[in-house]
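Please find my notes on this model below. They are set out as numbered points, to be read beside the coordinates.

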Amino acid sequence: MNPAKSLSVKLLESACQMQATDIHFYPFIQETKVFYRIHGKRIYYQSISPQQYELLLTYYKFTSGMDIGETRKPQNGMLPYQINSQNYSLRLSTLPVNQNESLAVRILPQDETSSLSELFLFPYQLKQLKQWIRERAGLILLTGPTGVGKTTTLYALLKSVIKESRYQTITLEDPIEKNLQDILQVQINEKAGISYHTGLKAALRHDPDIIMVGEIRDAYTAEFAFDASLTGHLVLSTMHANDTVGTLYRLLEMGLNKTDLGQTLIGVASLRLLPVHINKQINRRYAIMEMLNRDQILLTLAGREHEAKKTIYSFHHLRKKAYAYGFIKEEDF
């Protein structure tokens, strides 16, 4: 085994054993620092020499299909990986920094998709979400920063829907993070001419009942997703927004009108992850959701945001409740 592959195996095995979701490489002149993200926190793991990092970077770029000679532009790649019969997909991303390239590796387990009941700390929030996905047309949005489980939740939603009813389901993703059975998954590829909006147009010709749009990134994608939901499709998607009310304002800034938002949006859920402690150790992270239902959406769009917020369980309220039940420590609250 060559030195770069050997180092890669060592780092990936330790990262998976420690339940890390990401590996970050920070290149400096005298050393490259390696960090793991574990339960949402970035933790220093070790340092490697610049020579080791250069070999490792070249190895990753080659095996994931990146251009080895390109160092001035950011690049992305995917790489399948197996550890102890467990299958993973590695999402790699390079970024030019200080005459070098940093590298980030996202570790995506492939063998199991978490069920809805395994994701959420409070069962009543799961019940609300299940009520939303019973709608036959409209738009459900999951929002929040990177790494809070938006895509994981979407996969679990789709898995739940497919299990209960045989709907024609198509996803548009960039990238496809996990292969799902009985679902048509489309990989967005801008270079090949498959953007979100061209993919949406093609998907509509396949008579879908449910469409998942990996992320609403711009006004065009937002408009098309809303149009699809207005024509009798259930559309699931994600956005980057700080909270539920902020999501509505972002959509208005994208040019959507209040009437369409009021008619189309089934619900908006903003996610955060809490590290739950069992036997004084972090067992795993569970999701809490600030949820905005249709009535609250209509109140907000009518300029009565203060009335809507009185009926919303905020993240502060949910963390306080989790702390009172002993799920989280005081510093996490």
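Predicted model: local features only at pLDDT ≥ 70, side-chain atom pairs only at ≥ 80, totals over all residues.

1. Numbering runs from 1 along each chain as its sequence is written, and side-chain values use heavy atoms, with hydrogens and water left out.

2. Helices α5 (residues 196–204) and α6 (residues 219–230) have axes that come within 9 Å and cross at roughly 15°. Helices here are DSSP runs of H or I with at least four residues, strands are runs of E with at least two, and both are numbered from the N terminus. Axes are lines fitted to C-alpha atoms, for helices over the stretch in contact, with angles from 0 to 180 degrees between N-to-C directions. α5 and α6 are therefore roughly parallel to each other (under 35 degrees; 65 to 115 is roughly perpendicular, over 145 roughly antiparallel, and the rest oblique).

3. On the α5 side of this contact (heavy atoms within 4.5 Å) are Tyr-196, His-197, Leu-200, Lys-201 and Leu-204, and they meet Tyr-220, Thr-221, Phe-224, Ala-225 and Ala-228 of α6. By class, the contact of α5 with α6 has 7 nonpolar, 2 polar and 1 charged residues (nonpolar: Ala, Val, Leu, Ile, Met, Phe, Trp, Tyr, Cys and Pro; charged: Asp, Glu, Lys and Arg; polar: the others, Gly among them).

4. The axes of α7 (residues 244–253) and α9 (residues 294–301) come within 11 Å and cross at roughly 55°, so α7 and α9 are oblique to each other. Val-245, Leu-248, Tyr-249 and Leu-252 of α7 meet Ile-297, Thr-300 and Leu-301 of α9. The contact of α7 with α9 divides into 6 nonpolar residues, 1 polar and no charged.

5. Ser-160 lies in helix α4. Is Ser-160 buried or exposed? With a relative accessible area of 13%, Ser-160 is buried (under 20%; exposed is over 50% and partly exposed in between, with a 1.4 Å probe and protein chains only). Not counting residues up to four places away in sequence, Ser-160 touches Leu-116 and Ile-133. Other buried residues of α4 include Leu-154, Leu-157 and Val-161.

6. Leu-141 sits in strand β7 (residues 138–143) and is buried, at a relative accessible area of 0%. The C-alpha atoms of Leu-141 and Val-268 are 4.8 Å apart, although 127 residues separate the two along the chain. Residues up to four places away in sequence aside, Leu-141 touches residues including Ile-216, Met-239, Leu-251 and Val-268.
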